[in-house]
Amino acid sequence: MPASFKAELVACFGQPVAENPTGVMQEAAFRALQLNWRYLTVEVPPTKLRDAIAGVRAFGMQGINLTIPHKVAVMQYLDEIAKDAAIIGAVNTVRRVGDRLIGENTDGKGFLRGLRADAGVDPRGKRAVVLGAGGAARAIVTELALAGTAEIVVVNRTPSRGEAMVAGLAAKTAAPIRFEAWSGAYPVSPATGILVNATSIGLYPDIDAMPPVDLRGASPGMLVCDAVFNPPETRLLNAARQLGLPVLDGLAMLVYQGVIGFELWTGQSAPEAVMKAALREALGVAP
Ligand code: NDP
């Protein structure tokens, strides 16, 4: 019999939120470590976000995840924003320290952890090319910049959006980030160590779509990463595999943002293998 019947609460707030799989891996982790914690996946409309955060405080919840459309709006209701989340300009995780709610962003950190843990690649000193300039790209470019990547090239369909992101992040991180226009198939140069698709090209249901890139000039060790996790085996990763290039799928980023969230909330090491298996099972992906 447990010493206490009180459960600790964490949640994901979003709209729509029903297809967000993070709760499955967090619940599996709580069970594996026999923690009396619950992860609730809750639909919160934008007009109710303020009340929902008041609820987090009233219930003494340990933390939350935020997804579409709350990642920016939530910032005004928090007591502190972590440095990288402030640079990214979005919060996907909140942790509670005493009575204070602190905003974090674990998307880019999750990507980086996957890079190091699953692909065995440290971006320090390498040249990275990131396709896209949306929320995922912003988080990934910020963490690559803070991790000492030698050069980051952002390539985006809409130049104004890409240029604005690059100007903002270069000023805030003092890292060598620059923009290149995307016309036709982007030729990946042999100097590139890491290529990341942070666009939504290839996302279900457009699973036959592939970002227009020419991989023929890539060096043999160039790591090809995709942020798209549904499906995890994208056409880009398939094309890279056929050329013998190492790959990292979007499930790694998804699992590790959850791993980092678990660690921020509970203060314990996350059971990574349990979380990975739970996520793969929930998404119907072979182990
Ligand atoms: P956004 O809507 O913020 O950005 C979308 C980006 O994709 C933009 O740069 C957009 O370019 C580009 N894009 C979309 N369609 C095309 C196209 N046909 N041709 C060229 N460029 C295109 O989305 P997010 O940044 O939030 O998400 C991007 C992807 O990352 C999604 O697939 C999402 O599921 C995934 N993701 C994965 C995570 C993980 O944990 N694995 C976490 C977060 C996101 P433009 O500016 O020109 O419109």
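Guide: Two strands pair if DSSP finds at least two bridges between them, and strands (E, at least two residues) and helices (H or I, at least four) are DSSP runs numbered from the N terminus. This is a predicted model, in which local features need pLDDT of at least 70 and side-chain atom pairs count only at pLDDT 80 or more, while totals for chains, interfaces and linings use all residues. Residues are numbered from 1 along each chain as its sequence is written, and side-chain values use heavy atoms, with hydrogens and water left out.

Visitor: In S3, which residue is the bridge partner of valine 10?

Guide: Strand S1 (residues 8-14) and strand S3 (residues 63-66) run parallel and are joined by 4 bridges. In S3, the bridge partner of valine 10 is glycine 63.

Visitor: Which strands stand at the edges of the sheet?

Guide: The sheet is open and its pairing is mixed, with 6 strands in the order S2-S1-S3-S5-S6-S4. Each edge strand has a single partner strand, so one side of each is left without a neighbour in the sheet; these are strand S2 (37-43) and strand S4 (80-81).

Visitor: What is the relative accessible area of threonine 93?

Guide: Threonine 93 is found in strand S5 (residues 93-97). Its side chain joins that of asparagine 92 in a polar contact of 3.1 Å (a pair of N or O atoms within 3.5 Å; within protein, one must be able to donate a hydrogen and the other to accept it, and residues adjacent in sequence count only if both atoms are side-chain atoms). Threonine 93 is buried (under 20% relative accessible area, with a 1.4 Å probe and protein chains only), and the value is 0%.

Terms used. Buried < 20%, exposed > 50% of the residue type's maximum accessible area, 1.4 Å probe, protein only.
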